[in-house]
Amino acid sequence: MAAGALVLGPRAIRALAMGTAVDAATLVHAPGAVGAPPIVPRSEWGADESLRSGSRSFAPITKAIVHHTATLNDEPDPRARVRAIFRYHVQGSGWDDIGYNFLIDRAGQIYEGRWARDYEPGEPHSGEDRTGLGVLGAHAYGFNRGSVGVALLGTYSSAGVTASDAALGALSDLLSWKFATRGIDPHGASGYTKADGSVTSFANLCGHREVLSTACPGDALQQRLDEVRDEVADRMAASRAVSAAAPASVDIAPPPGETMPTPTESSHDDDERRRDRKRRRRDRESD
Ligand SMILES: [Zn+2]
């Protein structure tokens, strides 16, 4: 975290929730109610930027969809795995870029997924444009617009293989930041306009299987999403308590342009839909 980008991080929030003293400096210049967790940028995991296309679509974030990557659980080289997934999504599936918005390894390291824009030094690699709109990924067919797709590296299909506490903690860090900024209820459900214009309602923080017929993110990870919802809610409540105590220092207003999604799609989305139809079978995650 660069100087001048001081934020209220999860550790500060936990400390405050427990009544522990926190340096006043941590409350200054907070861009949102919960600070951004550390995120490994694409340049650090070695994304070959010549592989991806430059076209992007953005939308207000209203949902988070959790995945597993159906890869090794004891990943020897997570960065190499993220590079391999990137190559597979672009060269194997024909997508514009890596499908996920973020990935998380077993040690709790968060990786920047789909490219949104270039960032200033020290700025969190948020996957958002400068107004806070989220870049559309390709992680849940028909549900990519306005959803943050987060994949935990590994395979959580069998009950004996559960996600690590570090990975789940990082997932909570990431989604607390995204949800607190926008006031999204992690225990709630809300209406969602799909890419085809139809409207459906589902949990704001959900597993891939809650919106599409898939085993993803595996029984063992799906079963732990209630813990993540509780943790995100706790952190948001703690940040609101801080906000009430120091209203001038914490800005919880949603970013400009934050509105409910509409059925209107850009021509790029139409283009993506055409290609999606061709690739419909492949577009579904193979898990
Ligand atoms: Zn999935």
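**Close-up views of a predicted model**

**View 1. Asp 97 lies in the loop between α3 and β4.** This is a predicted model, in which local features need pLDDT of at least 70, side-chain atom pairs count only at pLDDT 80 or more, and totals for chains, interfaces and linings use all residues. Residues are numbered from 1 along each chain as its sequence is written. Helices (H or I, at least four residues) and strands (E, at least two) are DSSP runs, numbered from the N terminus. Asp 97 has 24 C-beta neighbours inside 10 Å and therefore counts as buried. A residue is buried if 20 or more other C-beta atoms lie within 10 Å of its own, exposed if 12 or fewer, and partly exposed in between; C-beta atoms are placed from the backbone. Leaving out residues up to four places away in sequence, Asp 97 touches Arg 52, Ser 53, Val 90, Arg 114 and Trp 115. Contact requires C-beta atoms, placed from the backbone, within 7 Å. Leu 51 is 46 residues from Asp 97 along the chain, yet their C-alpha atoms are separated by 7.5 Å.

**View 2. The largest nonpolar core has 46 residues.** Ile 104, Val 150 and Leu 171 have the most contacts inside this core. Elements giving two or more residues to the core include β3 (63-68), α3 (78-92), β7 (147-152), α4 (165-182) and α6 (225-245). The top contributor is α4, with nine residues. A nonpolar core is a set of buried Ala, Val, Leu, Ile, Met, Phe, Trp, Tyr and Cys residues joined through C-beta atoms within 7 Å. Beyond four places in sequence, Val 150 touches Ala 64, Val 66, His 67, Tyr 100, Asn 101, Phe 102, Ile 104, Leu 171 and Leu 174. A second, separate core of seven residues includes Trp 115, Ala 116, Leu 133 and Val 135.

**View 3. α4 and α6 pack at an angle of about 50°.** Their axes are 9 Å apart. Axes are lines fitted to C-alpha atoms, for helices over the stretch in contact, and angles run from 0 to 180 degrees between N-to-C directions. The two helices are therefore oblique to each other. Angles under 35 degrees count as roughly parallel, over 145 as roughly antiparallel, 65 to 115 as roughly perpendicular and the rest as oblique. On the α4 side, the contact residues are Leu 168, Leu 171, Ser 172, Leu 175, Ser 176, Phe 179 and Ala 180. They meet Glu 227, Val 228, Glu 231, Val 232, Arg 235, Met 236 and Ser 239 in α6.

**View 4. Lys 178 lies in helix α4.** Lys 178 counts as buried, because 27 C-beta neighbours fall inside 10 Å. Apart from neighbours within four places in sequence, Lys 178 is in contact with Ile 61, Ala 64 and Val 148. Gly 132 and Lys 178 are 46 residues apart in sequence and 9.9 Å apart in space, C-alpha to C-alpha.

View 5. Ala 70 sits in the loop between β3 and α3. With 18 C-beta neighbours inside 10 Å, Ala 70 counts as partly exposed. Pro 217 lies in the loop between β10 and α5 (219-222). Most residues other than glycine have a negative phi, and most peptide bonds are trans.

Notes. Contact = placed C-beta atoms within 7 Å.
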